[in-house]
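Please have the sequence and the coordinates open while reading.

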Amino acid sequence: MPPSISAPLGRSRAVALELAIGFAAGFLAVLVFHQLTIAAMAGMGLLQSAGVYRVDPYGPLGVPRVVNTAFWGGVWGVVLAGVRLALPLPRAVLAFLVCGFLFGIVGPTFFGWFVLAPMRGQPVAQGFKLAAMWRGPAINGMWGLGAAFFLLLFDRLRRRA
């Protein structure tokens, strides 16, 4: 291929790989960080029911609920990876983990509060009841921390390969 065509093609493949890695990181972050945070919060009496790793059929396809949640975690992982590509996020490990935590607090939580809840006929932002509002940011923040952790882990593994 001529250089004028192959250079952008190489860049688009690199971006596609980053986004695919973002999906994997977000998916795994649900299975590890998100679900274990819910279990820990339930164990401390902060949630009424654990509801972790639920396999009851969910949605029109009837997939296990945990798979559905992990899929959407993967979608949010793609968003996080895209933000990472587009913005000069810090490359230092601790700083990026904090960015991931903050991304989880803001992105998925606000989307759930202000887009999904009204679509489902639920009150916006848990009805602005602080006793219920803090759970989403805490759980999603831990998901974001996990997604950032897996992105950094995959970076390290790729550098070694």
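With which residue does Glu18 form a salt bridge? The partner is Arg158, and the closest N and O atoms of the two are 2.6 Å apart. The model is a predicted one. Its chain holds 5 helices and 2 strands, in the order α-β-β-α-α-α-α along the sequence.

**Overall layout**

- The C-alpha trace spans about 60 × 35 × 30 Å along its principal axes.
- Of the 161 residues in the chain, 32% are buried.
- Among contacts with a separation of 6 or more, 72% are between residues 24 or more positions apart.
- The chain exposes about 9400 Å², and 72% of that area comes from carbon and sulfur atoms.

**Salt bridges**

- The count of salt bridges is 5.
- One of them is the pair of Glu18 and Arg158, at 2.6 Å. Glu18 sits in helix 1 (residues 3-43) and Arg158 in helix 5 (residues 135-160), so this pair ties together parts that are 140 residues apart in sequence.
- Arg158, at 32%, counts as partly exposed, because it lies between the 20% and 50% cut-offs.
- Arg84 and Asp155 also meet through their side chains in a salt bridge, with an N to O distance of 2.2 Å. Arg84 belongs to helix 2 (residues 65-86) and Asp155 to helix 5, so the pair ties together parts that are 71 residues apart in sequence.
- Arg84 is buried, at a relative accessible area of 8%. Asp155 is buried as well, at 11%.
- Glu18, Arg84, Asp155 and Arg158 are linked in a network of salt bridges.
- A further salt bridge joins Asp56 to Arg54, with the closest N and O atoms 3.1 Å apart. Asp56 is partly exposed at 26% relative accessible area, and Arg54 is partly exposed at 36%.

**Helix 2**

- Helix 2 consists of 22 residues. From its first C-alpha to its last it reaches 32 Å, close to the 32 Å expected at 1.5 Å a residue.
- The buried residues of helix 2 are Val66, Asn68, Ala70, Gly73, Gly74, Trp76, Gly77, Leu80, Ala81 and Arg84.

**Aromatic rings**

- There are 13 aromatic pairs by count.
- In the pair of Phe103 and Trp143, the ring centres are 6.3 Å apart and the planes are at 40°, so the pair is tilted.
- This pair links distant parts of the chain, with Phe103 in helix 3 and Trp143 in helix 5, 40 residues apart.
- One aromatic cluster is formed by Phe23, Phe27, Phe71 and Trp72.

**Asn140**

- Asn140 lies in helix 5. Is this residue buried or exposed? Asn140 is buried, with a relative accessible area of 16%.
- Apart from its neighbours within four places in sequence, Asn140 is in contact with His34, Gly104, Ile105, Pro108 and Thr109.

**Nonpolar surface**

- Which residues make the nonpolar surface patch of about 690 Å²? The patch is made by Val106, Phe110, Phe111, Phe114, Val115, Met119 and Phe128.
- Phe128 is located in the loop between helix 3 (93-119) and helix 4 (130-133).
- Phe128 has a relative accessible area of 54%, and therefore counts as exposed, the cut-off being over 50%.

Conventions
Residues are numbered from 1 along each chain as its sequence is written. This is a predicted model: local features need pLDDT of at least 70, side-chain atom pairs count only at pLDDT 80 or more; totals for chains, interfaces and linings use all residues. Side-chain values use heavy atoms; hydrogens and water are left out. Patches are made of residues with over 30% relative accessible area and no salt bridge: like charges are joined within 9 Å, nonpolar side chains (Val, Leu, Ile, Met, Phe, Trp, Tyr) within 5 Å. Accessible areas come from the Shrake-Rupley method with a 1.4 Å probe; for residues, only the protein chains shown count as cover. A salt bridge is a side-chain nitrogen of Lys or Arg within 4 Å of a carboxyl oxygen of Asp or Glu. Helices (H or I, at least four residues) and strands (E, at least two) are DSSP runs, numbered from the N terminus. Buried means under 20% relative accessible area, exposed over 50%, partly exposed in between (1.4 Å probe, protein chains only). Contact means heavy atoms within 4.5 Å. The expected span of a helix is 1.5 Å times one less than its number of residues. Rings of Phe, Tyr and Trp (its six-membered ring) pair if their centres lie within 6.5 Å; planes under 30 degrees apart count as stacked, over 60 as edge-to-face and the rest as tilted.
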